[in-house]
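These are my notebook entries on one structure. I wrote down each item as I looked it up.

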Amino acid sequence: MKTFAMKLSFVILDVFTSTRYSGNPVAIVIIPSQYRANLTQAQKQAIATEFNISETVFLHEQDPGAGVIPIDIFTTIAEVPFAGHPTIGSTFFLLNYLRNKHVKSLLTKAGPIPIFPSDDGKVIAAIPHDIHVHAAKLVTTISPDIKETSYPVVSIVKGMAFILASLPDLGGLEKYGTCNLKPGYPYDPAAGGLMDAGPWCVGFTGTYWYVELPRNDAGRRIFRTRMHGSREDPATGSAASALAGWLALQEEKALGKGPFEYIITQGVEMRRESVIGVCVTRNESGDGVKEIMLSGSAVKVMEGAVEV
């Protein structure tokens with residue numbers, strides 16, 4: 001007996017770049033409404049594993065004129081509630097390739113994400129956040145050349161934490177920014193004690209190495225970064241958002257709400273240069289984060305169909 005096969009269109013975009021074969025690739029699989037109930041979690045995971053890139057998005061088609069588009073985001077091993085470059089890639093695909101003028105937000109497992117076009121041709125997403133700076137820091141000596149350092153551990157949302165590891169210069173970034181200082185996916189409380197107890201003690205832990213460079217002519221703070229989880233990532237919007245949120249909280253209270261703008265370049269050492277924009281607004285008292293806006297470009301590199 002011949003079995004029924006779903007044939008699903010897909011595109012692959014390089015995100016946080018306008019140059020093909022740079023940035024961070026994301027696969028976007030389009031799920032027509034008639035297949036929505038048929039595609040299982042196991043099948044989505046199998047497709048994501050087959051693509052074998054950091055994340056795959058399943059974009060659920062809606063009726064024409066719908067303002068909200070649901071998406072599911074999968075790594076090669078699990079579904080995740082939110083990730084930065086799949087969000088920017090999906091937004092760019094909807095607004096700039098499909099020319100969808102009706103969609104106003106993406107619906108992720110982390111909640112709705114408002115999205116916007118930008119005047120410079122990029123796209124912007126209002127990132128879900130619940131910034132939490134863990135009480136413990138990672139205290140380590142990474143090299144005899146660098147004295148013992150304590151690095152803050154910051155969650156952008158529950159289940160997604162980053163060790164924010166500063167280095168003095170680009171030479172140090174190239175030499176030492178080559179590993180995850182405290183690997184864990186999912187996080188194992190018995191392995192370390194970095195994370196606060198309770199609901200924060202779950203999920204992914206990565207290391208975001210960074211070097212601050214001179215401000216640009218517009219006064220924005222400029223950074224070069226590398227991110228290591230289970231492997232090095234050429235562009236990590238969630239880590240960039242965690243770093244920017246934490247940096248904004250370190251700014252002088254006299255600066256009020258801000259906004260505070262950061263330009264973060266990642267992936268240079270992998271020859272996949274990515275440029276990530278983050279704009280943070282604090283609350284009225286300046287001791288909390290009210291809004292994180294993530295921005296970037298994307299470019300399509302391939303398209304086709306996957307059979308299930």
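Entry 1, aromatic pairs. I looked up the aromatic pairs and found 6 in the structure. Rings of Phe, Tyr and Trp (its six-membered ring) pair if their centres lie within 6.5 Å; planes under 30 degrees apart count as stacked, over 60 as edge-to-face and the rest as tilted. I noted Phe10 and Phe51: their ring centres are 5.1 Å apart and their planes stand at 70°, so this pair is edge-to-face. The pair joins distant parts of the chain, since Phe10 is in strand 1 (residues 7–15) and Phe51 in helix 1 (residues 41–51), 41 residues apart. Helices (H or I, at least four residues) and strands (E, at least two) are DSSP runs, numbered from the N terminus. Both Phe10 and Phe51 are buried; buried means under 20% relative accessible area, exposed over 50%, and partly exposed in between (1.4 Å probe, protein chains only). I also recorded one aromatic cluster formed by Tyr210, Phe223 and Tyr262.

The model is predicted: local features need pLDDT of at least 70, side-chain atom pairs count only at pLDDT 80 or more, and totals for chains, interfaces and linings use all residues. Residues are numbered from 1 along each chain as its sequence is written, and side-chain values use heavy atoms, with hydrogens and water left out.

I found Lys158 over the face of Trp200, at 4.4 Å from the ring centre. The criterion is that NZ of Lys or CZ of Arg is within 6 Å of the ring centre and within 35 degrees of the ring normal.

Helix 4 is mostly covered, with 12 of its 14 residues buried. Among the buried residues I listed Gly237, Leu243, Trp246 and Leu247.

Lys257 lies in the loop between helix 4 and strand 17 (260–266). I recorded Lys257 as partly exposed, with a relative accessible area of 36%. Beyond residues up to four places away in sequence, Lys257 touches Val280, Thr281, Arg282, Asn283 and Glu284; contact means heavy atoms within 4.5 Å. Pro259 lies in this loop between helix 4 and strand 17, and a cis peptide bond joins Gly258 to Pro259, with omega about 10°. Most residues other than glycine have a negative phi, and most peptide bonds are trans.

I looked for exceptions in phi and noted Tyr21, with phi near 70°, in the loop between strand 1 and strand 2 (24–31). Tyr21 counts as exposed at 55% relative accessibility. Arg99 has phi near 55° and lies in the loop between helix 2 (84–97) and strand 6 (105–108). Arg99 is exposed, with a relative accessible area of 55%.

Where is Lys300? I placed Lys300 in strand 20 (residues 298–307). Lys300 is partly exposed, at 23% relative accessible area. Lys300 and Val26 are 274 residues apart in sequence, yet 9.7 Å apart in space, C-alpha to C-alpha.
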